[in-house]
Amino acid sequence: MVVLGVLVVALSSRGHQIVFRYPLDAARDRPPPELLLAPAAAAAPAAPPPQQRLHTPAHSRRGSDAPQSKTASTYLGFDCGFLSDVLSPKLALRDRPFHLSIDSIDFVGLPTQLNANRPGTGLRFARLVQKRKAVAAVRAHEATAAAAAAADRGAAALPAHQHPLAAASAAAQSSASVSGQPDNPPPVASPALSLHTLDPHPSAVPRGPGAQGLPPAASAPPHKPLRAGTQSQLTMFNLVFAMQADSHSGSNYDLEMAAIYDNVIAKVTAALKYEQLRRGYLRKETELILAIKDEYHARHAAHAPASHTNQAGMPSPASDDHEQLEQHLQLLILRQSSLARCVAHIYHALRGQMSPHLQINDSVSLTIRTHGLTPDTLQLADIPLIDEPAPDSLKQLPKLRPYLALLLLHHPEEIIAMLPADASPLLVELIQAVTPTLSFEQLQTTLGCSLSQIYRLAAHLYVWGKARIIHVVNSRNAYVVSPRAQLEQLASLAPEFKRSFKDLDLLGVMQQLSTPQQLTSMRRENRNVYLEAITFLMRKNLVVQLHMYIYLQVPSEIYQKTDAKDNSQALWDASKQGPMIIANPASPTDAEKAWIAEIARKHPKPVSSLFLRLVPYFNGRVHADEILFRENIEGKDLKAIITRFKNELVTTLHTEDPA
């Protein structure tokens with residue numbers, strides 16, 4: 001699956017329109033812009049205040065009436081007006097998953113309604129924020145009125161030329177003569193202010209007696225309603241991902257789209273909605289981006305001479321090439337808009353080019369799951385337990401056991417650098433202490449924490465594709481070349497392998513491991529080097545560990561003694577010679593129960609009791625380590641049973657559970 005682009009669609013009083021899209025050309029695989037990679041990107045120049053921006057005319061249903069270039073009018077081969085229409089669903093289809101397929105492109109998003117006054121949406125937080133802001137505005141007005149009344153009472157005995165109202169009136173007339181609007185006093189809050197107004201921002205309401213540079217007495221009368229500002233009202237936004245299947249997707253394409261929706265779209269949309277309802281973040285960023293677009297297109301449509309630099313400190317192109325102009329416009333937007341940088345960051349994070357950690361409005365820290373969503377990284381289903389099949393679902397986690405270990409897929413310092421600032425200190429300690437030779441049980445003692453905490457942190461690293469759950473690497477285990485090994489990568493891995501292990505040859509080691517090998521036969525001084533080499537190969541999916549599975553067979557001299565009636569219940573023909581394997585010893589038939597009892601009767605009571613206790617696991621589907629864990633016995637006990645019942649128990653080695 002390929003993510004072609006990310007679009008931000010907004011519906012406001014200016015109409016519905018594509019506010020921002022990234023990248024401009026989805027067919028070109030370009031690296032992230034330098035301003036996204038530079039640490040100073042977060043400290044980009046602030047947007048100019050509203051009074052310094054170019055005033056833009058009212059917008060139609062389909063967005064700005066400013067001239068648009070040919071490149072800006074289409075995206076992914078579709079008209080931008082058409083896309084803004086189809087990606088702005090009606091009210092009944094909002095606040096739920098959105099999926100639209102056009103030709104071979106899938107548009108997936110979560111259109112979110114921001115109108116807190118609409119019943120039945122469950123936006124209790126939005127209503128609470130709006131109510132608190134409105135109450136604060138009313139209290140500010142009451143304080144202003146009280147101060148004015150106190151001033152009236154205190155100035156009753158003063159001469160007329162010293163009265164504060166006269167000074168206030170003079171100041172108001174002076175201010176009006178400067179602004180050219182003598183009859184238009186500054187707006188103030190009133191008790192009639194609605195508690196459900198969508199955008200009662202403190203910036204539109206005077207903050208106390210000295211607001212707008214006027215004394216309290218110069219304020220408008222309390223009964224005058226609050227004037228509506230020139231700001232647009234944002235009622236809906238939709239963060240849309242344009243995706244397309246590729247040769248690697250196959251039948252997993254729907255699962256990959258669902259993974260992007262659950263782990264990226266839903267999370268980012270929730271964070272953007274929170275910031276909009278709390279601080280009006282989306283509305284401010286939308287107005288900023290549209291103002292930059294309108295000013296840019298208006299300037300070039302009027303054939304204004306382009307200067308060498310602009311207000312953002314970036315060079316302006318002198319060419320009329322549409323593509324170059326649009327690229328320059330996008331860089332301007334990325335430089336000034338944190339929302340645009342956030343969208344670009346998400347796009348490059350999905351392609352494995354940037355960290356999955358991002359901040360929205362410098363307030364909400366977010367980590368999006370990008371592992372398994374790009375062809376450059378391994379799919380989550382391709383990172384199973386070494387002894388178990390790949391999970392059926394991208395959300396399925398492996399079973400964690402005390403005897404298992406954690407194999408980091410990257411250098412510990414690289415993983416620590418990717419962690420957010422508020423990461424758990426225990427997680428950092430775990431990353432620094434973990435080795436594939438230490439089990440979870442041993443890590444519990446090393447870190448001094450509970451096993452459940454180790455499990456949570458290990459599952460966290462597994463889900464985010466930073467580690468793999470394996471069995472402890474030691475010299476007693478048997479290793480072999482993985483059946484799924486991509487041998488074509490040996491040529492590219494040979495130099496890295498040689499730098500890490502100067503005395504070993506990659507092809508020679510792979511040749512030795514073409515048949516199962518144990519390291520106990522090697523000299524002790526060479527074992528540690530080979531263990532590190534095997535760890536390197538396991539990290540590259542070239543080598544896997546073999547595990548022992550046990551089957552229970554019934555000798556022919558036992559089952560042939562069974563009556564014909566019992567033989568009819570067996571799954572085989574008793575007339576044949578040779579031992580027979582019991583397919584499911586956990587649920588045996590009556591004849592199989594008699595055979596198992598006959599096998600156990602020949603041995604001492606303690607041995608036969610342990611044998612009968614372990615019989616349900618002798619189906620070739622549970623490996624030896626799991627048997628020891630479930631029954632809480634030691635390896636020597638299982639080894640003794642295998643030795644005592646060597647004629648009835650068959651051991652095999654598998655690379656994974658055949659179930």
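Lys267 touches Asp262, Leu366, Thr367 and Trp464, where residues up to four places away in sequence are not counted and contact means heavy atoms within 4.5 Å. The residue lies in helix α6 (residues 253–279), helices (H or I, at least four residues) and strands (E, at least two) being DSSP runs numbered from the N terminus. With a relative accessibility of 31%, Lys267 counts as partly exposed; buried denotes under 20% relative accessible area, exposed over 50%, and partly exposed the range in between (1.4 Å probe, protein chains only). Although Lys267 and Leu366 are 99 residues apart along the chain, their C-alpha atoms are separated by 8.0 Å.

The model is a predicted one, in which local features need pLDDT of at least 70 and side-chain atom pairs count only at pLDDT 80 or more, whereas totals for chains, interfaces and linings use all residues. Residues are numbered from 1 along each chain as its sequence is written, and side-chain values use heavy atoms, with hydrogens and water left out.

The protein chain contains 22 helices and 18 strands, and 47% of its 659 residues count as buried. Among contacts between residues at least 6 apart in sequence, 73% join residues at least 24 apart.

Two glutamates are buried without a salt bridge, one of them Glu285 and the other Glu648; a salt bridge is defined as a side-chain nitrogen of Lys or Arg within 4 Å of a carboxyl oxygen of Asp or Glu. For charge, Lys and Arg count as positive and Asp and Glu as negative, while His and the chain ends are not counted. Glu285 is placed in helix α7 (residues 281–301), and its nearest side chain of opposite charge, that of Arg341, is 6.9 Å away. A polar atom of the Glu285 side chain lies 3.4 Å from the backbone nitrogen of Leu339, and Glu285 touches Ser337, Ser338 and Leu339, residues up to four places away in sequence again being excluded. Glu648, by contrast, is found in the loop between α22 (635–644) and β18, with Lys602 as the nearest side chain of opposite charge at 5.3 Å. Beyond four places in sequence, Glu648 touches Tyr551, Leu552, Gln553, Pro555 and Ile599.

Tyr551 is also touched by Thr652, together with His547, Met548 and Tyr549, under the exclusion of residues up to four places away in sequence. Thr652 belongs to strand β18 (residues 649–654) and, at 24% relative accessibility, counts as partly exposed. Thr652 and Tyr551 are 101 residues apart in sequence, with a C-alpha to C-alpha separation of 8.1 Å.

Eleven aromatic pairs were counted, rings of Phe, Tyr and Trp (its six-membered ring) being paired if their centres lie within 6.5 Å, and classed as stacked with planes under 30 degrees apart, edge-to-face over 60 and tilted for the rest. The rings of Phe440 and Tyr455 have centres 5.9 Å apart and planes at 80°, so this pair is edge-to-face. The pair links distant parts of the chain, with Phe440 in helix α12 (residues 440–447) and Tyr455 in helix α13 (residues 451–463), 15 residues apart, and both Phe440 and Tyr455 are buried.

Notes: A polar contact is a pair of N or O atoms within 3.5 Å; within protein, one must be able to donate a hydrogen and the other to accept it, and residues adjacent in sequence count only if both atoms are side-chain atoms.
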